[in-house]
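Here is a brief report on backbone and surface features of one protein. Please keep the sequence and the 3D view at hand.

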Amino acid sequence: MKQNTDYPEVDFLYLSEQDMIKAGVEDMAGCIDTMDELFSLIGKGDYRMGGPNGNEHGIMMKFPKESDVPGMPLLCPDYRFVAMPAYVGGGFRLCGIKCYGSNQTNREQGLPRSILMLTLMDMYTGAPLAYMSANVLSAMRTGAVPGLGVRYLSVKDTKTVTIVGPGVMGRTAMLAFATEKPGITTVKIKGRGQKGIDDFIAFCKEKCPNIKNFIQCETEEEACRDSDIVYFGTTNAPTYDENPHAEAAWLKPGALVMSASALLMDHDFLADTSRCKLVSDNSKMYEGWAAGAELPVQKSVSTLLGMAFYDVVAEGRLPKSGVTDIGDIINGKAAGRTSEDQIIVYAVGGMPVEDVAWGYKVLQKAREKGIGIPLNLWNKPEFA
């Protein structure tokens with residue numbers, strides 16, 4: 001058989017952060033709609049991520065706590081490098097890998113804690129379609145997934161929101177909440193520093209003009225009480241017990257509690273179906289993350305709220321069916337909120353399928369508007 005020597009050129013589009021903004025990456029309403037479409041696909045199994053069960057968040061590299069190797073970097077808070085591969089089906093049908101490096105000391109140099117890039121690829125050949133800045137993209141999808149929770153899980157008359165951790169995650173989550181519930185008028189804020197709180201308030205005044213009341217809170221209890229939506233978006237504390245927590249007694253009937261980062265809650269409360277309902281973005285991700293770990297995995301593997309859900313099930317306090325995935329609610333396979341008094345706890349862990357889906361939508365807009373820099377990988381591959 002004659003070997004094919006008619007090799008096609010491979011070109012891809014480079015999108016800087018400003019290119020991404022021009023192409024609409026900050027369109028929160030569009031991002032939430034895209035997450036709705038994506039999580040319907042997740043509920044149908046039309047997606048794939050890394051690891052043996054196809055549900056891993058990503059592959060993480062950390063440095064050791066101690067080393068006798070000269071020049072070896074040492075472990076410090078949020079210091080890691082991560083590669084997050086994913087495939088999204090449906091109307092997307094492509095693969096992608098989000099990669100990032102993270103270090104809390106970046107802020108001392110005027111840099112974001114994490115610096116992210118996303119590569120989108122043809123699902124058959126692996127040829128690159130785009131290489132794009134992903135900091136804003138990641139922030140938007142991180143806010144949009146809690147916003148999706150508000151779409152399906154919040155009470156109808158939502159007026160008051162709590163934000164514990166008014167950083168980037170808190171800002172984009174608040175933007176998503178205000179997008180879905182324009183009747184929100186009050187925000188209660190618990191932060192670690194006044195500058196972060198002031199920046200959050202300034203952001204809300206610009207992006208969410210319907211919010212009129214800003215209440216600064218000294219404690220998590222003060223922040224949680226009397227809120228319709230309670231959102232935690234803080235980074236991990238130096239020790240496990242120092243991470244934020246929420247108690248059942250602080251929550252009003254009908255409250256929707258969400259966390260995209262560290263949050264500790266009482267397992268007896270989480271296991272009591274008469275008191276609360278547990279909803280996960282993707283319970284299979286937490287199962288895969290916990291594989292082989294000793295209980296409680298939330299303490300030994302991750303402080304994410306979804307790991308607490310896993311612990312409650314693994315400890316035999318709740319059947320596996322006691323955790324509902326948001327994709328099943330979207331697809332009508334499971335019920336969402338069943339009463340206006342029901343307390344719902346929604347766990348969000350972040351997945352690369354979200355970046356791939358929103359990145360693809362932004363790429364489409366960039367192509368339509370002629371935004372970005374076309375780059376050539378090769379006219380003809382040197383080795384084929």
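Is Arg93 buried, partly exposed or exposed? Arg93 is partly exposed, with a relative accessible area of 43%. Here buried means under 20% relative accessible area, exposed means over 50%, and partly exposed lies in between (1.4 Å probe, protein chains only).

This is a predicted model: local features need pLDDT of at least 70, side-chain atom pairs count only at pLDDT 80 or more, and totals for chains, interfaces and linings use all residues. Residues are numbered from 1 along each chain as its sequence is written, and side-chain values use heavy atoms, without hydrogens and water.

**Backbone**

Helices (H or I, at least four residues) and strands (E, at least two) are DSSP runs, numbered from the N terminus.

A cis peptide bond joins Leu295 and Pro296, with omega about -5°. Pro296 sits in the loop between α8 (283-290) and α9 (297-300).

**Surface**

Val69, Met72 and Leu74 form a nonpolar surface patch. Together they have about 230 Å² of accessible area, by the Shrake-Rupley method with a 1.4 Å probe; for residues, only the protein chains shown count as cover. Nonpolar side chains (Val, Leu, Ile, Met, Phe, Trp, Tyr) are joined within 5 Å, like charges within 9 Å. Leu74 lies in the loop between β3 (59-61) and β4. Leu74 is partly exposed, at 41% relative accessibility.

Definitions and conventions: Patches are made of residues with over 30% relative accessible area and no salt bridge: like charges are joined within 9 Å, nonpolar side chains (Val, Leu, Ile, Met, Phe, Trp, Tyr) within 5 Å. A salt bridge is a side-chain nitrogen of Lys or Arg within 4 Å of a carboxyl oxygen of Asp or Glu.
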